[in-house]
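Have a go at each task before you read its solution.

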Amino acid sequence: MTAEAPLKVLVTGAGGMLAHDLVPALVAAGHSVTAAKRAHLDITDPEACLTAVAGHDLVVNTAAWTAVDDAETNEAAAFAVNAVGAANIARAASAAGVRLVHVSTDYVFDGRATEPYAADAPVCPRSAYGRTKAAGEWAVRALCPEAYVLRTAWLYGAGGPNFVATMTRLARERETVSVVDDQVGQPTWTVDLADLIVRLVASSAPYGTYHGTSRGQVSWFGFTQAIFEELGLDPERVKPTTTEAFPRPAPRPLWSVLSQESVSQAGIDPVREWRAALHEFLRT
């Protein structure tokens, strides 16, 4: 089987925001897709994973506990999905000789860097969510040699609740909005991440860890100003504030900028610049 051949792909977590754009992107690339929502596949059930993976060529694991704050008081439940569930999928993929793409997060880092995190930078999660996702990465690497771990950050898209939709709504409801200016990252459209996944599995990139985020960097405050500008609204209505002024149960990484060098070195074009993606998203 060549990298260009049509694949039978299992997408877990198919009810999520990323899968909303990933499934049609895979179909458009000529692959046949089994879209397994949570009701159809509980990844915490190892036997169910073995059954679901059988007969496929590729699994893309987008299933995850993503309620970052809830994970602080429900870490065992988050671990069951993000770590044990990832292990079940990886073990099933390995047993069936199936390739795996496992989606992870910037939260595996401590957020205290001052330059983009390389794909091989040491992980040091500060939250329950980050710890469970880091454990999931470890399980995937340990159990499935033919696996890509693909970290992303600051996702938004049409398939679920997201920051862009929230700010668009608040722009209609409030005269001003206050947004933190001391958290910096890379807003990433799910359409662009889905496209990267399609290109990654079609490539000859070696198995390992990669970063899938938009190019460039911006604070949540700057991102919100850009949203207002794209909507034809006055960006001065967005007011800067600090993380300290908005305490949350889970600590947020202050620096979530991930290097795209791993993707470039594999001969794959990185995701485009974040502002260009936002412009298109708000016009679709």
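Buried means under 20% relative accessible area, exposed means over 50%, and partly exposed lies in between (1.4 Å probe, protein chains only). This is a predicted model, where local features need pLDDT of at least 70, side-chain atom pairs count only at pLDDT 80 or more, and totals for chains, interfaces and linings use all residues. Residues are numbered from 1 along each chain as its sequence is written, and side-chain values use heavy atoms, with hydrogens and water left out.

**Exercise 1.** Work out how aspartate 69 and arginine 252 pair, and whether they are buried or exposed.

Step one: recall that a salt bridge is a side-chain nitrogen of Lys or Arg within 4 Å of a carboxyl oxygen of Asp or Glu. Step two: check the gap; the closest N and O atoms of aspartate 69 and arginine 252 are 2.6 Å apart, and the two form a salt bridge. Step three: look at accessibility, and you'll find both aspartate 69 and arginine 252 buried.

**Exercise 2.** Find the distance between glutamate 280 and arginine 272, and classify each one's accessibility.

Start with the contact: their side chains meet in a salt bridge at 2.8 Å, N to O. Next, glutamate 280 has 35% relative accessibility, so it counts as partly exposed. Arginine 272, at 25%, is partly exposed too.
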